[in-house]
Amino acid sequence: MATRRALHFVFKVGNRFQTARFFRDVLGMKGITLVSSQAVCNARKLEWPLSEVTEGIFETEAPGGYKFYLQDHSPPESDPVLKVTLAVSDLQKSLNYWSNLLGMKIYEKDEEKQRVLLGYADNQCKLELQGIKGTIDHAAAFGRIAFSCPQKELPDLEDLMKRENQKILTPLVSLDTPGKATVQVIILADPDGHEICFVGDEAFRELSKMDPEGSRLLDDAMAADKSDEWFTKQNKSKASG
């Protein structure tokens with residue numbers, strides 16, 4: 001499964017302005033690039049809450065309550081985002097899903113600590129499954145993890161999930177983006193309801209090219225957003241975290 005690669009994790013957030021400030025100004029992100037030592041420096045400079053949990057590893061929190069752990073050293077040649085951790089209710093059941101069905105390689109396994117580290121390649125961001133006692137409560141803030149694979153593999157992936165009676169949230173579909181590439185997407189759910197998106201790699205590479213004006217365009221779009229008015233009309237409270 002070396003042809004598959006980790007892409008991104010989608011968060012549901014309440015305050016986009018504060019969230020954008022955290023990712024850009026604290027973590028120093030452009031797209032999904034993270035320089036850990038610079039992120040620690042940025043957090044201190046901006047007086048963003050930061051606590052050292054062990055030597056050289058700091059915990060911080062994004063708006064909305066998402067936790068991030070930053071290692072204070074020069075970034076590796078591989079993806080500087082080391083891992084994304086998902087809580088699971090049944091480690092063995094989840095391991096079967098992510099490894100045997102989705103084809104992820106097992107890098108580390110600790111039965112005592114109920115954790116497994118998985119990935120599609122040595123130089124990619126890893127997925128950590130952390131077993132907990134009890135069911136997983138997604139509440140209203142859970143997001144979606146995304147991977148790419150050659151487009152020709154998507155129909156086979158959909159067929160496999162159907163044969164194994166696994167949940168398919170969105171059957172294989174083509175999504176058009178005016179003036180850009182058309183991508184094929186399928187969205188799955190693991191045994192705990194974690195959403196997983198697989199997208200055709202060829203079109204996604206074309207669609208996800210970095211726009212040097214992207215940061216300005218995001219700011220302009222948020223400034224012109226009318227969501228505050230919508231929430232007022234609907235008599236609903238807009239999340240502030």
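Author: First, a definition: a polar contact is a pair of N or O atoms within 3.5 Å, where within protein one must be able to donate a hydrogen and the other to accept it, and residues adjacent in sequence count only if both atoms are side-chain atoms. Helices (H or I, at least four residues) and strands (E, at least two) are DSSP runs, numbered from the N terminus. This is a predicted model, where local features need pLDDT of at least 70, side-chain atom pairs count only at pLDDT 80 or more, and totals for chains, interfaces and linings use all residues. Residues are numbered from 1 along each chain as its sequence is written, and side-chain values use heavy atoms, with hydrogens and water left out.

Reader: Which backbone nitrogen does a side-chain oxygen of aspartate 90 reach at the start of helix 3?

Author: Look at the start of helix 3 and find aspartate 90. One of its side-chain oxygens comes to within 3.3 Å of the backbone nitrogen of glutamine 92.

Reader: Which residue just after helix 3 takes a positive phi?

Author: Helix 3 covers residues 91-101. Just after helix 3, a positive phi of about 80° belongs to glycine 103.

Reader: Why is one side of strand 5 and of strand 6 left without a neighbour in the sheet?

Author: Two strands pair if DSSP finds at least two bridges between them. The open sheet has 4 strands in the order 5-8-7-6, with mixed pairing. Strand 5 (83-88) and strand 6 (105-110) are at the edges, so each has a single partner strand.

Reader: In strand 8, what is the bridge partner of valine 116?

Author: Strand 7 (residues 115-119) and strand 8 (residues 126-131) run antiparallel, paired over 4 bridges. Valine 116 has as its bridge partner in strand 8 leucine 129.

Note on methods. Buried < 20%, exposed > 50% of the residue type's maximum accessible area, 1.4 Å probe, protein only.
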